[in-house]
Amino acid sequence: MNINNLMVTGGCGFIGSNFIHYVLKETGFAGRIINVDKLTYAGNPENLKGIGERFGNRYVFQKMDICDAGGMGKIFSDYNVDAVCHFAAESHVDRSIKRPESFIYTNIIGTFNLLELARARADKFVLFHHVSTDEVFGSLGDAGYFTEETPYRPNSPYSASKAASDHLVRAYHETYGLPVVISNCSNNYGPYQFPEKLIPLMILNAVEGKPLPVYGDGRNVRDWLYVKDHCEAIWTIMQSGERGGTFNIGGNSEMENIVIVEMICDLLDEVLPSPAGMSRRKLITFVKDRPGHDRRYAIDFGKLQKQLGWAPRESFASGIRKTITWYLENKAWIENIRSGEYQTWIDEHYGED
Ligand code: NAD
Ligand code: DAU
(Lines give C-alpha, C1' and ligand atoms only; values in the text may rest on other atoms or scores of the structure.)
(Ligands and ions follow the chains in the order given, each with its own letter.)
Protein backbone atom coordinates (compact mmCIF):
# COMPACT_ATOMS: atom_id res chain seq x y z
CA MET A 1 0.00 0.00 0.00
CA ASN A 2 1.60 3.24 -1.11
CA ILE A 3 0.61 6.20 1.07
CA ASN A 4 2.44 9.51 0.65
CA ASN A 5 0.49 11.94 2.82
CA LEU A 6 -1.29 10.29 5.72
CA MET A 7 -3.67 12.45 7.72
CA VAL A 8 -3.98 11.25 11.31
CA THR A 9 -6.93 12.87 13.10
CA GLY A 10 -6.80 13.12 16.90
CA GLY A 11 -3.06 12.49 16.87
CA CYS A 12 -2.54 14.36 20.15
CA GLY A 13 -4.84 12.00 22.03
CA PHE A 14 -3.98 8.74 23.74
CA ILE A 15 -4.07 6.19 20.91
CA GLY A 16 -3.40 8.66 18.08
CA SER A 17 -0.12 9.82 19.64
CA ASN A 18 1.01 6.25 20.31
CA PHE A 19 0.16 5.49 16.67
CA ILE A 20 2.27 8.39 15.34
CA HIS A 21 5.27 7.31 17.47
CA TYR A 22 4.82 3.75 16.22
CA VAL A 23 4.41 4.53 12.51
CA LEU A 24 7.29 6.98 12.29
CA LYS A 25 9.73 4.98 14.41
CA GLU A 26 8.90 1.34 13.79
CA THR A 27 7.24 0.67 10.44
CA GLY A 28 9.58 2.02 7.78
CA PHE A 29 6.82 4.36 6.55
CA ALA A 30 8.55 6.82 4.20
CA GLY A 31 5.75 9.34 3.68
CA ARG A 32 4.50 12.32 5.65
CA ILE A 33 2.07 12.40 8.60
CA ILE A 34 -0.32 15.35 8.91
CA ASN A 35 -1.65 15.33 12.46
CA VAL A 36 -4.95 17.23 12.73
CA ASP A 37 -6.20 17.83 16.25
CA LYS A 38 -8.52 20.40 17.82
CA LEU A 39 -6.67 20.03 21.15
CA THR A 40 -9.68 19.45 23.39
CA TYR A 41 -9.00 18.66 27.07
CA ALA A 42 -7.89 15.19 25.84
CA GLY A 43 -5.41 16.41 23.23
CA ASN A 44 -1.91 17.06 24.50
CA PRO A 45 0.96 18.11 22.18
CA GLU A 46 3.35 16.91 24.93
CA ASN A 47 2.46 13.35 23.86
CA LEU A 48 4.49 13.98 20.70
CA LYS A 49 7.42 15.82 22.25
CA GLY A 50 10.51 15.50 20.06
CA ILE A 51 8.68 14.14 17.00
CA GLY A 52 8.79 17.42 15.04
CA GLU A 53 12.53 17.85 15.71
CA ARG A 54 13.35 14.26 14.80
CA PHE A 55 11.24 13.88 11.66
CA GLY A 56 11.40 17.42 10.20
CA ASN A 57 8.95 17.98 7.35
CA ARG A 58 7.80 14.34 7.48
CA TYR A 59 5.64 15.40 10.44
CA VAL A 60 3.19 18.31 10.33
CA PHE A 61 0.78 19.46 13.03
CA GLN A 62 -2.40 21.39 12.20
CA LYS A 63 -4.69 22.58 14.99
CA MET A 64 -8.17 22.20 13.50
CA ASP A 65 -11.67 21.01 14.37
CA ILE A 66 -12.75 18.16 12.07
CA CYS A 67 -16.25 19.70 12.12
CA ASP A 68 -14.84 22.74 10.24
CA ALA A 69 -15.37 21.56 6.66
CA GLY A 70 -13.69 24.60 5.10
CA GLY A 71 -10.58 24.44 7.27
CA MET A 72 -10.29 20.70 6.79
CA GLY A 73 -10.72 21.06 3.00
CA LYS A 74 -7.76 23.41 2.90
CA ILE A 75 -5.58 20.95 4.82
CA PHE A 76 -6.57 18.12 2.47
CA SER A 77 -5.52 20.11 -0.58
CA ASP A 78 -2.48 21.93 0.95
CA TYR A 79 -0.94 18.60 1.93
CA ASN A 80 -2.28 16.49 -0.92
CA VAL A 81 -3.77 14.01 1.55
CA ASP A 82 -4.16 10.53 0.04
CA ALA A 83 -5.09 8.54 3.17
CA VAL A 84 -6.74 9.15 6.54
CA CYS A 85 -6.44 7.26 9.79
CA HIS A 86 -9.32 8.67 11.81
CA PHE A 87 -8.94 8.65 15.60
CA ALA A 88 -10.41 12.06 16.51
CA ALA A 89 -13.43 11.61 18.75
CA GLU A 90 -14.97 12.42 22.06
CA SER A 91 -14.08 9.16 23.76
CA HIS A 92 -15.22 9.06 27.39
CA VAL A 93 -18.51 7.28 28.16
CA ASP A 94 -19.17 9.13 31.46
CA ARG A 95 -18.81 12.51 29.75
CA SER A 96 -21.22 11.39 27.00
CA ILE A 97 -23.81 10.58 29.67
CA LYS A 98 -23.48 14.05 31.23
CA ARG A 99 -23.11 16.14 28.06
CA PRO A 100 -23.75 14.25 24.81
CA GLU A 101 -23.71 17.21 22.33
CA SER A 102 -20.01 17.28 21.51
CA PHE A 103 -20.13 13.51 20.86
CA ILE A 104 -22.77 14.04 18.18
CA TYR A 105 -20.82 16.86 16.53
CA THR A 106 -17.33 15.42 16.56
CA ASN A 107 -18.07 11.73 16.20
CA ILE A 108 -20.85 11.97 13.60
CA ILE A 109 -20.62 15.35 11.81
CA GLY A 110 -16.81 15.33 12.00
CA THR A 111 -16.63 11.88 10.43
CA PHE A 112 -19.12 12.90 7.75
CA ASN A 113 -16.94 15.93 6.84
CA LEU A 114 -13.87 13.75 6.47
CA LEU A 115 -15.73 11.26 4.29
CA GLU A 116 -16.98 14.04 2.01
CA LEU A 117 -13.47 15.47 1.65
CA ALA A 118 -12.03 12.04 0.92
CA ARG A 119 -14.76 11.42 -1.66
CA ALA A 120 -14.01 14.74 -3.35
CA ARG A 121 -10.42 13.59 -3.93
CA ALA A 122 -11.68 10.49 -5.77
CA ASP A 123 -8.81 8.80 -7.64
CA LYS A 124 -6.07 10.48 -5.55
CA PHE A 125 -7.40 8.86 -2.39
CA VAL A 126 -6.27 5.37 -1.36
CA LEU A 127 -7.57 4.67 2.16
CA PHE A 128 -9.92 5.84 4.90
CA HIS A 129 -9.22 3.83 8.07
CA HIS A 130 -11.91 4.42 10.68
CA VAL A 131 -10.85 3.64 14.25
CA SER A 132 -13.86 2.44 16.19
CA THR A 133 -14.86 0.57 19.30
CA ASP A 134 -16.34 -2.73 20.44
CA GLU A 135 -18.91 -0.70 22.42
CA VAL A 136 -21.05 -0.44 19.25
CA PHE A 137 -22.05 -4.09 19.87
CA GLY A 138 -23.58 -3.41 23.29
CA SER A 139 -23.20 -5.80 26.19
CA LEU A 140 -22.51 -9.54 26.45
CA GLY A 141 -23.81 -11.99 29.04
CA ASP A 142 -21.50 -14.39 30.86
CA ALA A 143 -20.56 -16.25 27.66
CA GLY A 144 -19.78 -15.49 24.02
CA TYR A 145 -17.70 -13.00 22.07
CA PHE A 146 -18.25 -10.07 19.72
CA THR A 147 -17.50 -11.05 16.13
CA GLU A 148 -17.64 -8.92 12.97
CA GLU A 149 -21.16 -10.32 12.45
CA THR A 150 -22.55 -9.25 15.85
CA PRO A 151 -25.49 -6.84 15.37
CA TYR A 152 -24.98 -3.26 16.56
CA ARG A 153 -26.70 -2.41 19.84
CA PRO A 154 -24.99 0.67 21.35
CA ASN A 155 -26.09 1.65 24.87
CA SER A 156 -24.47 5.03 25.62
CA PRO A 157 -24.49 8.33 23.71
CA TYR A 158 -20.77 7.70 23.06
CA SER A 159 -21.25 4.23 21.57
CA ALA A 160 -24.33 5.36 19.63
CA SER A 161 -22.32 8.19 18.06
CA LYS A 162 -19.50 5.78 17.15
CA ALA A 163 -22.05 3.34 15.69
CA ALA A 164 -23.49 6.15 13.54
CA SER A 165 -20.01 7.01 12.27
CA ASP A 166 -19.28 3.34 11.46
CA HIS A 167 -22.49 3.16 9.41
CA LEU A 168 -21.54 6.32 7.49
CA VAL A 169 -18.10 4.95 6.70
CA ARG A 170 -19.54 1.67 5.46
CA ALA A 171 -22.15 3.52 3.38
CA TYR A 172 -19.47 5.61 1.64
CA HIS A 173 -17.84 2.38 0.50
CA GLU A 174 -21.08 0.81 -0.72
CA THR A 175 -22.44 3.98 -2.34
CA TYR A 176 -19.38 5.79 -3.65
CA GLY A 177 -16.75 3.04 -3.70
CA LEU A 178 -14.55 4.92 -1.20
CA PRO A 179 -11.68 2.62 -0.07
CA VAL A 180 -12.51 2.30 3.62
CA VAL A 181 -11.77 -0.11 6.41
CA ILE A 182 -13.20 -0.12 9.95
CA SER A 183 -11.61 -1.57 13.08
CA ASN A 184 -13.57 -2.18 16.29
CA CYS A 185 -11.27 -2.48 19.27
CA SER A 186 -11.62 -3.29 22.95
CA ASN A 187 -10.31 -1.22 25.91
CA ASN A 188 -6.79 0.15 25.50
CA TYR A 189 -4.32 1.04 28.24
CA GLY A 190 -0.73 2.26 28.30
CA PRO A 191 1.32 5.49 28.11
CA TYR A 192 -0.35 8.89 27.51
CA GLN A 193 -3.88 7.83 28.51
CA PHE A 194 -5.84 10.70 30.03
CA PRO A 195 -6.48 9.97 33.73
CA GLU A 196 -10.27 9.99 33.50
CA LYS A 197 -10.22 6.36 32.25
CA LEU A 198 -10.14 3.45 34.70
CA ILE A 199 -6.48 2.41 34.67
CA PRO A 200 -4.64 5.77 34.80
CA LEU A 201 -7.23 7.18 37.23
CA MET A 202 -6.66 4.28 39.63
CA ILE A 203 -2.86 4.48 39.32
CA LEU A 204 -2.74 8.20 40.08
CA ASN A 205 -5.28 8.05 42.92
CA ALA A 206 -3.56 5.05 44.49
CA VAL A 207 -0.15 6.77 44.37
CA GLU A 208 -1.67 9.80 46.11
CA GLY A 209 -3.66 7.82 48.69
CA LYS A 210 -7.02 9.00 47.32
CA PRO A 211 -10.20 6.86 47.16
CA LEU A 212 -10.42 4.40 44.25
CA PRO A 213 -14.02 4.74 42.93
CA VAL A 214 -15.27 1.41 41.60
CA TYR A 215 -18.69 1.57 39.89
CA GLY A 216 -21.46 -0.78 41.00
CA ASP A 217 -20.29 -4.19 42.17
CA GLY A 218 -16.97 -3.95 40.26
CA ARG A 219 -17.73 -7.15 38.36
CA ASN A 220 -18.11 -5.56 34.89
CA VAL A 221 -15.70 -7.13 32.44
CA ARG A 222 -13.57 -5.47 29.75
CA ASP A 223 -11.08 -7.08 27.34
CA TRP A 224 -7.83 -5.10 27.75
CA LEU A 225 -5.30 -4.42 25.00
CA TYR A 226 -1.92 -2.69 25.37
CA VAL A 227 -2.05 0.41 23.16
CA LYS A 228 1.02 -0.46 21.09
CA ASP A 229 -0.60 -3.75 20.09
CA HIS A 230 -3.62 -1.76 18.90
CA CYS A 231 -1.35 0.51 16.83
CA GLU A 232 0.30 -2.50 15.22
CA ALA A 233 -3.11 -4.01 14.43
CA ILE A 234 -4.31 -0.79 12.77
CA TRP A 235 -1.13 -0.54 10.68
CA THR A 236 -1.48 -4.20 9.64
CA ILE A 237 -5.10 -3.64 8.58
CA MET A 238 -4.16 -0.46 6.72
CA GLN A 239 -1.60 -2.40 4.68
CA SER A 240 -3.70 -5.33 3.59
CA GLY A 241 -7.14 -5.48 5.23
CA GLU A 242 -9.96 -6.05 2.78
CA ARG A 243 -11.47 -2.68 1.73
CA GLY A 244 -15.08 -2.21 2.76
CA GLY A 245 -14.51 -4.72 5.56
CA THR A 246 -14.43 -4.56 9.34
CA PHE A 247 -11.95 -6.14 11.76
CA ASN A 248 -12.34 -6.76 15.47
CA ILE A 249 -9.25 -6.15 17.61
CA GLY A 250 -8.93 -7.50 21.16
CA GLY A 251 -6.42 -8.39 23.82
CA ASN A 252 -7.48 -11.86 24.92
CA SER A 253 -7.44 -10.35 28.42
CA GLU A 254 -10.87 -10.34 29.97
CA MET A 255 -10.73 -8.83 33.44
CA GLU A 256 -13.26 -7.72 36.05
CA ASN A 257 -12.75 -4.08 37.05
CA ILE A 258 -12.26 -4.94 40.71
CA VAL A 259 -9.52 -7.44 39.86
CA ILE A 260 -7.66 -4.76 37.88
CA VAL A 261 -7.94 -2.23 40.70
CA GLU A 262 -6.66 -4.78 43.24
CA MET A 263 -3.79 -5.66 40.91
CA ILE A 264 -2.80 -1.99 40.58
CA CYS A 265 -2.91 -1.62 44.40
CA ASP A 266 -0.71 -4.69 44.92
CA LEU A 267 1.83 -3.73 42.23
CA LEU A 268 2.14 -0.22 43.63
CA ASP A 269 2.54 -1.60 47.18
CA GLU A 270 5.40 -3.69 45.79
CA VAL A 271 7.30 -0.96 43.88
CA LEU A 272 6.32 2.07 45.97
CA PRO A 273 5.18 1.03 49.47
CA SER A 274 2.83 3.61 51.00
CA PRO A 275 4.46 5.67 53.78
CA ALA A 276 2.40 4.06 56.55
CA GLY A 277 2.88 0.60 55.05
CA MET A 278 -0.87 0.47 54.44
CA SER A 279 -2.30 -1.84 51.77
CA ARG A 280 -3.69 0.38 49.00
CA ARG A 281 -6.66 -2.01 48.66
CA LYS A 282 -8.06 -0.10 51.66
CA LEU A 283 -8.62 2.85 49.30
CA ILE A 284 -11.15 0.91 47.19
CA THR A 285 -14.56 2.59 47.44
CA PHE A 286 -17.67 1.22 45.74
CA VAL A 287 -19.70 4.08 44.23
CA LYS A 288 -22.97 4.53 42.36
CA ASP A 289 -23.05 2.57 39.08
CA ARG A 290 -22.72 4.18 35.65
CA PRO A 291 -26.22 4.47 34.03
CA GLY A 292 -26.64 1.84 31.28
CA HIS A 293 -23.31 0.29 32.30
CA ASP A 294 -22.44 -2.50 29.82
CA ARG A 295 -21.72 -5.67 31.77
CA ARG A 296 -19.20 -7.49 29.64
CA TYR A 297 -17.13 -6.99 26.48
CA ALA A 298 -15.05 -9.77 24.92
CA ILE A 299 -13.59 -9.80 21.43
CA ASP A 300 -13.13 -12.60 18.94
CA PHE A 301 -10.25 -11.32 16.77
CA GLY A 302 -9.98 -14.61 14.81
CA LYS A 303 -10.59 -12.87 11.46
CA LEU A 304 -7.64 -10.50 11.93
CA GLN A 305 -5.45 -13.34 13.19
CA LYS A 306 -6.31 -15.74 10.38
CA GLN A 307 -6.36 -13.25 7.49
CA LEU A 308 -3.52 -10.92 8.46
CA GLY A 309 -1.53 -12.83 11.09
CA TRP A 310 -1.94 -10.29 13.90
CA ALA A 311 -2.07 -11.23 17.59
CA PRO A 312 -1.35 -9.14 20.69
CA ARG A 313 2.26 -9.30 21.90
CA GLU A 314 1.68 -8.01 25.43
CA SER A 315 -0.04 -9.95 28.23
CA PHE A 316 -2.04 -7.97 30.77
CA ALA A 317 0.49 -8.84 33.47
CA SER A 318 3.40 -7.39 31.47
CA GLY A 319 1.42 -4.44 30.04
CA ILE A 320 0.11 -3.24 33.38
CA ARG A 321 3.63 -3.27 34.89
CA LYS A 322 4.94 -1.18 31.96
CA THR A 323 2.01 1.20 32.33
CA ILE A 324 2.49 1.70 36.06
CA THR A 325 6.20 2.32 35.52
CA TRP A 326 5.41 4.88 32.80
CA TYR A 327 3.05 6.85 35.06
CA LEU A 328 5.57 6.77 37.92
CA GLU A 329 8.35 8.03 35.65
CA ASN A 330 6.41 10.79 33.88
CA LYS A 331 5.47 13.20 36.65
CA ALA A 332 5.91 16.28 34.42
CA TRP A 333 3.38 14.90 31.93
CA ILE A 334 0.89 14.32 34.76
CA GLU A 335 1.35 17.84 36.14
CA ASN A 336 0.86 19.24 32.65
CA ILE A 337 -2.41 17.31 32.23
CA ARG A 338 -3.63 18.44 35.61
CA SER A 339 -3.12 22.10 34.82
CA GLY A 340 -6.00 21.85 32.31
CA GLU A 341 -9.63 20.86 32.56
CA TYR A 342 -8.86 17.61 34.37
CA GLN A 343 -9.42 18.80 37.93
CA THR A 344 -12.74 20.46 37.07
CA TRP A 345 -14.05 17.17 35.67
CA ILE A 346 -12.88 15.16 38.65
CA ASP A 347 -14.50 17.61 41.10
CA GLU A 348 -17.74 17.66 39.10
CA HIS A 349 -17.89 13.91 38.48
CA TYR A 350 -16.83 12.52 41.83
CA GLY A 351 -17.96 15.41 44.00
CA GLU A 352 -21.64 14.43 44.02
CA ASP A 353 -23.64 11.62 45.71
P1 NAD B 1 -8.70 10.55 23.35
O2 NAD B 1 -9.90 11.15 23.96
O3 NAD B 1 -7.51 10.28 24.19
O4 NAD B 1 -8.20 11.46 22.13
C5 NAD B 1 -9.08 12.05 21.22
C6 NAD B 1 -8.31 13.10 20.43
O7 NAD B 1 -9.20 13.66 19.45
C8 NAD B 1 -7.79 14.26 21.28
O9 NAD B 1 -6.46 14.57 20.92
C10 NAD B 1 -8.73 15.41 20.94
O11 NAD B 1 -8.12 16.69 21.06
C12 NAD B 1 -9.08 15.08 19.49
N13 NAD B 1 -10.37 15.66 19.09
C14 NAD B 1 -11.54 15.59 19.76
N15 NAD B 1 -12.49 16.26 19.10
C16 NAD B 1 -11.91 16.75 17.97
C17 NAD B 1 -12.38 17.53 16.87
N18 NAD B 1 -13.65 17.95 16.80
N19 NAD B 1 -11.51 17.83 15.89
C20 NAD B 1 -10.22 17.44 15.94
N21 NAD B 1 -9.71 16.72 16.97
C22 NAD B 1 -10.56 16.38 17.97
O23 NAD B 1 -9.22 9.23 22.62
P24 NAD B 1 -8.50 7.81 22.47
O25 NAD B 1 -8.76 7.00 23.67
O26 NAD B 1 -7.13 8.02 21.98
O27 NAD B 1 -9.39 7.20 21.28
C28 NAD B 1 -9.06 7.44 19.91
C29 NAD B 1 -10.07 6.74 19.03
O30 NAD B 1 -10.05 5.34 19.30
C31 NAD B 1 -11.52 7.20 19.24
O32 NAD B 1 -12.13 7.27 17.98
C33 NAD B 1 -12.13 6.10 20.09
O34 NAD B 1 -13.51 5.98 19.83
C35 NAD B 1 -11.36 4.89 19.60
N36 NAD B 1 -11.20 3.80 20.57
C37 NAD B 1 -10.69 4.04 21.81
C38 NAD B 1 -10.48 2.98 22.69
C39 NAD B 1 -9.89 3.19 24.06
O40 NAD B 1 -9.87 2.25 24.85
N41 NAD B 1 -9.41 4.36 24.40
C42 NAD B 1 -10.82 1.67 22.29
C43 NAD B 1 -11.35 1.47 21.02
C44 NAD B 1 -11.53 2.53 20.15
O1 DAU C 1 -14.27 -0.80 24.82
C2 DAU C 1 -13.63 0.27 24.19
C3 DAU C 1 -13.93 1.56 24.94
O4 DAU C 1 -13.18 1.51 26.15
C5 DAU C 1 -13.56 2.81 24.14
O6 DAU C 1 -14.37 2.88 23.00
C7 DAU C 1 -13.75 4.07 24.99
O8 DAU C 1 -13.30 5.21 24.27
C9 DAU C 1 -12.91 3.91 26.24
O10 DAU C 1 -13.12 5.03 27.09
C11 DAU C 1 -13.29 2.63 26.98
O12 DAU C 1 -14.64 2.73 27.51
P13 DAU C 1 -15.00 2.17 28.99
O14 DAU C 1 -16.22 2.86 29.44
O15 DAU C 1 -14.99 0.69 29.00
O16 DAU C 1 -13.67 2.68 29.79
P17 DAU C 1 -13.49 3.36 31.23
O18 DAU C 1 -12.02 3.39 31.48
O19 DAU C 1 -14.26 4.63 31.35
O20 DAU C 1 -14.14 2.29 32.19
C21 DAU C 1 -13.68 0.95 32.23
C22 DAU C 1 -14.54 0.20 33.23
O23 DAU C 1 -14.24 0.69 34.54
C24 DAU C 1 -16.03 0.38 33.05
O25 DAU C 1 -16.69 -0.82 33.38
C26 DAU C 1 -16.39 1.47 34.05
C27 DAU C 1 -15.41 1.23 35.18
N28 DAU C 1 -14.97 2.43 35.95
C29 DAU C 1 -14.49 3.48 35.25
C30 DAU C 1 -14.04 4.61 35.91
C31 DAU C 1 -13.52 5.80 35.14
C32 DAU C 1 -15.02 2.42 37.33
O33 DAU C 1 -15.45 1.44 37.96
N34 DAU C 1 -14.58 3.54 37.99
C35 DAU C 1 -14.11 4.65 37.34
O36 DAU C 1 -13.75 5.66 38.01
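Reader: How far is an oxygen atom of ligand 1 from a polar backbone atom of Ile-15?

Author: This is a predicted model in which local features need pLDDT of at least 70, side-chain atom pairs count only at pLDDT 80 or more, and totals for chains, interfaces and linings use all residues; side-chain values use heavy atoms, without hydrogens and water. Residues are numbered from 1 along each chain as its sequence is written, while chains are lettered from A and ligands numbered from 1 in the order in which they are written. A polar contact is a pair of N or O atoms within 3.5 Å; within protein, one must be able to donate a hydrogen and the other to accept it, and residues adjacent in sequence count only if both atoms are side-chain atoms. For Ile-15 and ligand 1, the distance is 2.8 Å.

Reader: Which residue has a polar side-chain atom 2.7 Å from an oxygen atom of ligand 1?

Author: Let's set two residues side by side. Phe-87 uses a backbone N or O atom, 2.9 Å from a ligand oxygen. The side-chain atom at 2.7 Å belongs to Lys-162.

Reader: How much of ligand 1 does the protein bury?

Author: Accessible areas come from the Shrake-Rupley method with a 1.4 Å probe; for residues, only the protein chains shown count as cover. Taken alone, ligand 1 exposes 830 Å². Of that area, the protein buries 97%.

Reader: Which element gives the most residues to the shell around ligand 1?

Author: Helices (H or I, at least four residues) and strands (E, at least two) are DSSP runs, numbered from the N terminus. Those giving two or more residues to the shell are helix H1 (14–26), strand E5 (127–133) and helix H6 (157–176). With three residues, the top contributor is E5.

Reader: Which residue caps the N-terminal end of H3?

Author: Helix H3 spans residues 69–78. At its N-terminal end, a side-chain oxygen lies 3.2 Å from the backbone nitrogen of Gly-70. The capping residue that supplies this oxygen is Asp-68.

Reader: Is Arg-280 buried or exposed?

Author: Arg-280 sits in the loop between helix H9 (257–271) and strand E13 (284–287). Buried means under 20% relative accessible area, exposed over 50%, and partly exposed in between (1.4 Å probe, protein chains only). Because its relative accessibility is 3%, Arg-280 counts as buried.
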